[in-house]
Amino acid sequence: MQAVLVLHNILRWGILLFGVWTVLNALTGVMNKRAYSAADNRSNLLFMIFCDLQLALGLTLYFSNSWFDKLKSGMGDVMKDSSMRFYVVEHALMMLIAWILVHVGRTAVKKAPEQSKHKKMLIFFGLALLSHTGCHSMAFPYRNCTSAFPLVQLIFCRSIIMAKKVQPIILITNDDDITSPGIRSLVEAVKELGKVVVVAPDKPQSGMGHAITIGSPLRLNKMNIFGDVEAWQTSGTPVDCVKLAVDKILHRKPDICLSGINHGANHSINVIYSGTMSAAMEASIEGIPSIGFSLLDYRYEADFSAAKQIVHKMVKEVLSQKKLDKHLLLNVNIPAVPMNEIKGIKICKQAYAKYEEDFAERVDPHGKKYFWLTGEFKNFDKAKDSDVWALQHNYVSVVPVQFDLTNYTLKKQLEKSKLFK
């Protein structure tokens with residue numbers, strides 16, 4: 001039995017090692033909102049195996065060292081003696097609770113949806129480790145040794161507190177392609193506000209609207225162009241980027257989606273054609289708060305310094321809200337002027353304005369006719385609460401947008417009329 005006792009004592013350190021490993025994996029998984037991995041599965045499996053082995057050895061010792069006989073002979077005498085009570089009742093009970101928590105936790109993690117696996121893992125395996133370390137901490141008065149177990153209890157409690165301070169996941173996309181200065185400026189503006197993941201097209205996709213790829217395969221490649229920020233490029237549209245990000249990269253919904261910073265205006269009617277805003281709208285449809293940012297400068301070498309300050313301020317304020325509308329969708333346009341010339345941020349309506357279009361007819365070198373879209377922007381809206389007015393007067397315009405295109409005023413009129421009856 002002496003060899004069994006020695007092995008039993010050695011196994012508790014294995015449980016401590018794999019228990020701490022499991023809890024730390026779960027904690028980092030919750031904080032970074034990463035996918036449940038093979039390493040996570042391996043750590044809690046080894047934790048469970050060591051708990052099984054120690055329980056088997058513990059039961060062998062329990063029934064062979066007369067502890068069980070003492071319990072049968074007189075429960076009252078056992079409970080009066082604190083040392084005997086610990087080994088006969090408390091130690092055995094707490095170890096059994098730890099073993100149950102590990103097995104229940106293992107099953108709960110397997111059955112939990114992807115986004116909840118780390119949280120289940122932290123709760124069940126953390127409590128199991130706490131029960132196990134608590135059991136050995138209680139043994140201190142009856143042993144002439146020191147132990148690291150109370151420290152583990154402190155670490156676990158601290159881990160629970162830290163887990164509540166979860167870093168938000170910020171998905172970034174655009175329609176100007178992943179190498180554009182606008183998206184780099186957006187990353188730089190918000191990378192300190194959360195964990196940033198970039199998923200953007202591999203080529204310009206301006207004017208694509210809400211197009212999706214259905215007739216050809218989509219390519220997805222990891223890139224290393226933003227330093228330590230995770231980045232992916234796709235062969236698809238801006239809307240494809242959001243869909244792929246949620247389904248194949250994050251395996252969950254991010255806390256917010258930011259699209260841009262677009263090179264050029266997306267005010268008034270442009271919101272319908274804009275790939276930038278369509279990506280943000282797709283996120284909103286998925287229940288992800290989202291914002292599309294545009295700078296009124298079409299040049300590749302545009303100065304984004306003021307835009308970065310505006311973006312940082314707005315995203316920080318939005319993330320600080322305790323509860324966001326999951327369908328929040330904002331169209332933000334920023335005047336192309338220095339920061340000291342921006343008068344403020346103005347909540348606006350979408351202006352009634354459009355392009356008076358013309359298709360210029362031309363002939364290619366082969367003598368074949370082709371057409372080139374041209375046009376002149378016309379603003380028919382003179383209201384001072386429109387986005388066009390705000391931008392003309394150096395305000396940042398913020399237009400709340402929705403994907404529900406129902407005309408509710410006309411709907412009521414049609415319901416009252418006899419039309420279509």
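Which residues have the most contacts inside the largest nonpolar core? I looked this up in a predicted model. The core has 37 residues, and Ile172, Val190, Val198, Leu258 and Phe293 have the most contacts inside it.

Next I noted which elements build this core. Those giving two or more residues include strand 1, helix 8 (181-190), strand 2 (195-201) and strand 11 (395-400). Helix 12 gives the largest share, seven residues.

I then listed the neighbours of Phe293. Leaving out residues up to four places away in sequence, Phe293 touches Leu186, Leu258, Ile261, Thr276, Val311 and Val332, among others. I also found another core, lying apart from the largest one. This other core has 17 residues, including Val30, Phe47, Val102 and Leu129.

Helix 11 came next. Is helix 11 (residues 275-285) mostly covered or mostly uncovered? I found it mostly covered, with ten of its eleven residues buried. Among the buried ones are Gly275, Met277, Glu282 and Ser284. Their cover includes strand 1 (169-173), helix 9 (238-249), strand 5 (256-263) and strand 7 (329-334).

I checked both ends of this helix. At its start, a side-chain oxygen of Ser274 comes to within 3.1 Å of the backbone nitrogen of Thr276. Just after helix 11, Gly287 has a positive phi of about 85 degrees.

I counted zero. For Cys257, the closest cysteine sulfur is in Cys241, 9.7 Å away, so the two are too far apart for a bond. Cys257 is buried, at 0% relative accessible area. Cys51 is buried too, at 7%.

Technical notes
Residues numbered from 1 in each chain as written. Predicted model: local features only at pLDDT ≥ 70, side-chain atom pairs only at ≥ 80, totals over all residues. Heavy atoms only, no water. Disulfide = S-S within 2.5 Å. Buried < 20%, exposed > 50% of the residue type's maximum accessible area, 1.4 Å probe, protein only. Helix = DSSP H or I, 4+ residues; strand = E, 2+ residues; numbered from the N terminus. Contact = heavy atoms within 4.5 Å. Polar contact = N/O pair within 3.5 Å; in protein donor to acceptor, adjacent residues only side chain to side chain. Core = buried A, V, L, I, M, F, W, Y, C linked by side-chain atoms within 4.5 Å.
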